[in-house]
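The sequence and the structure come first.

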Amino acid sequence: MSGRQVDRGRLADVVLAAVVGALGTAVAAFDDDTTALDHVLVVLASAALAFHRAAPRAVLAAATVLGTAYVVHAHPGPLSALPVLGAVHTAARVGHRGLAAAGGAVFLAGYVATGPGTQHAAERAGLLVGWFLCAVVTGLADRNWQAYLRQTEQRALEAERTREEAALRRAGEERLRIARELHDSLTHSISIVKLQAGVAVHLARKRGDEVPPALLAIQEASGEAMRELRSALQVLRADEPTGTPALLVERARAAGLAVELTVTGDERPLPRAVDRAAYRIVQEALTNAARHAGPAKVRVRIDYGTRNTTDPTVDHTTDHTGDRMGELTIVVDDDGAADPDRPPVPGTGLTGMHERVSALGGTLRAAPRAEGGFSVRARLPLGETA
């Protein structure tokens with residue numbers, strides 16, 4: 001698909017150069033004073049336009065020099081400016097406004113200096129000035145339009161990605177909620193049924209009585225139900241994070257977000273619940289930064305603290321950043337457009353982060369920073385198993 005677009009663009013450039021060259025040579029042919037050198041200058045200036053995408057500055061220089069030499073030698077009409085107009089428009093479109101204006105000024109100077117000093121020549125020179133201004137303005141307008149299209153496409157892709165991530169996150173949270181409900185309700189009830197059936201069978205056999213088949217069926221069915229329920233809970237809880245915060249940072253960088261990751265402290269395996277919460281907090285913070293911070297820089301810091309608490313001569317109550325020991329600290333800061341005077345309304349993502357952190361006995365602060373941008377700071381207790 002991209003190869004076809006390149007081929008079509010190349011073909012369009014060649015067609016443009018051919019059309020401009022045909023017009024220039026046709027106009028020059030009607031002038032009796034036109035020489036072979038003039039035709040060569042017109043053809044070369046027009047042919048240079050075929051390379052305006054690859055080398056706009058070189059094309060501008062070539063078209064300006066060749067076009068100026070042509071008007072100095074042949075004193076043609078205003079249509080002789082077509083190759084230079086095309087080069088000026090292209091240079092302005094890619095951002096070389098000063099060069100475009102300079103090229104147009106050089107051509108106009110050569111055109112005015114060598115033309116007869118009559119009112120008609122002055123009018124034609126004024127017409128060319130208007131043409132060159134239009135070429136520069138339309139080039140800038142085209143540049144802004146292309147930039148707008150690229151930004152719109154990027155926003156659409158980013159919005160689609162964040163929608164997919166949000167949908168997956170909500171689906172995972174709902175599955176975990178269902179798993180908790182099933183575990184808290186059905187597992188308890190089935191366990192009681194199985195326990196009571198087992199006790200009844202044991203007592204019947206102890207007394208020497210025949211165990212009723214219905215009781216044996218209840219015992220077997222309850223055991224099978226427990227096994228099936230455990231399997232269902234494992235499936236529902238399969239929505240665990242399959243990655244690390246570092247992987248999330250790499251994905252965000254690949255998506256165009258400027259992210260810096262810093263890991264401090266004694267890095268070590270975390271309790272499962274803490275590891276899952278840390279992953280989701282970083283994921284949600286990066287998603288919010290990509291959606292709301294604009295072209296901002298994001299800094300992610302993960303501090304594991306230290307496990308060395310056996311030396312009585314060392315004060316382990318705080319580390320060099322002021323964080324308490326026995327905690328995992330996650331800080332995600334950006335320098336985006338968030339305003340401290342207008343704090344955001346907490347949405348599903350921020351609410352979910354608060355719930356995760358509160359369930360682990362930690363603390364979370366998510367608010368705009370005083371110096372601008374947004375900050376997410378979470379403290380998660382590691383416990384003795386960390």
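## The β4–β5 hairpin

Strands β4 and β5 make a hairpin, and five residues lie between them. Within that turn, G372 has a positive phi of about 105°. The model is a predicted one, and the values given here are computed from it.

β4 covers residues 363-368 and pairs with β5 in the antiparallel sense, over six bridges. In this pairing P368 is opposite F374 of β5.

## β5 and its other partner

β5 also pairs with β3, which spans residues 327-334. The sense is again antiparallel, with seven bridges linking β3 and β5. Here L328 is the residue that stands opposite L380 in β5.

How much of β5 is covered? The strand runs over residues 374-381 and is mostly covered, with six of its eight residues buried.

## Helix α4

Helix α4 consists of twelve residues, 82-93. From the first C-alpha to the last it reaches 17 Å, which is close to the 16 Å expected at 1.5 Å a residue.

Which residues of α4 are buried? They are P83, V84, L85, A87, V88, T90, A91 and A92. Just after the helix comes G95, which takes a positive phi of about 105°.

An α-helix has 3.6 residues a turn, so residues three or four places apart point the same way.

## The chain as a whole

In total, the secondary structure of the chain amounts to ten helices and five strands. The chain has 386 residues, and 37% of them are buried.

Among contacts in the chain with a separation of 6 or more, 75% are between residues 24 or more positions apart. The accessible surface comes to about 22,300 Å², and carbon and sulfur atoms account for 59% of this area.

Key
Residues are numbered from 1 along each chain as its sequence is written. This is a predicted model: local features need pLDDT of at least 70, side-chain atom pairs count only at pLDDT 80 or more; totals for chains, interfaces and linings use all residues. Side-chain values use heavy atoms; hydrogens and water are left out. Helices (H or I, at least four residues) and strands (E, at least two) are DSSP runs, numbered from the N terminus. Buried means under 20% relative accessible area, exposed over 50%, partly exposed in between (1.4 Å probe, protein chains only). Contact means heavy atoms within 4.5 Å. Accessible areas come from the Shrake-Rupley method with a 1.4 Å probe; for residues, only the protein chains shown count as cover. Two strands pair if DSSP finds at least two bridges between them. The expected span of a helix is 1.5 Å times one less than its number of residues.
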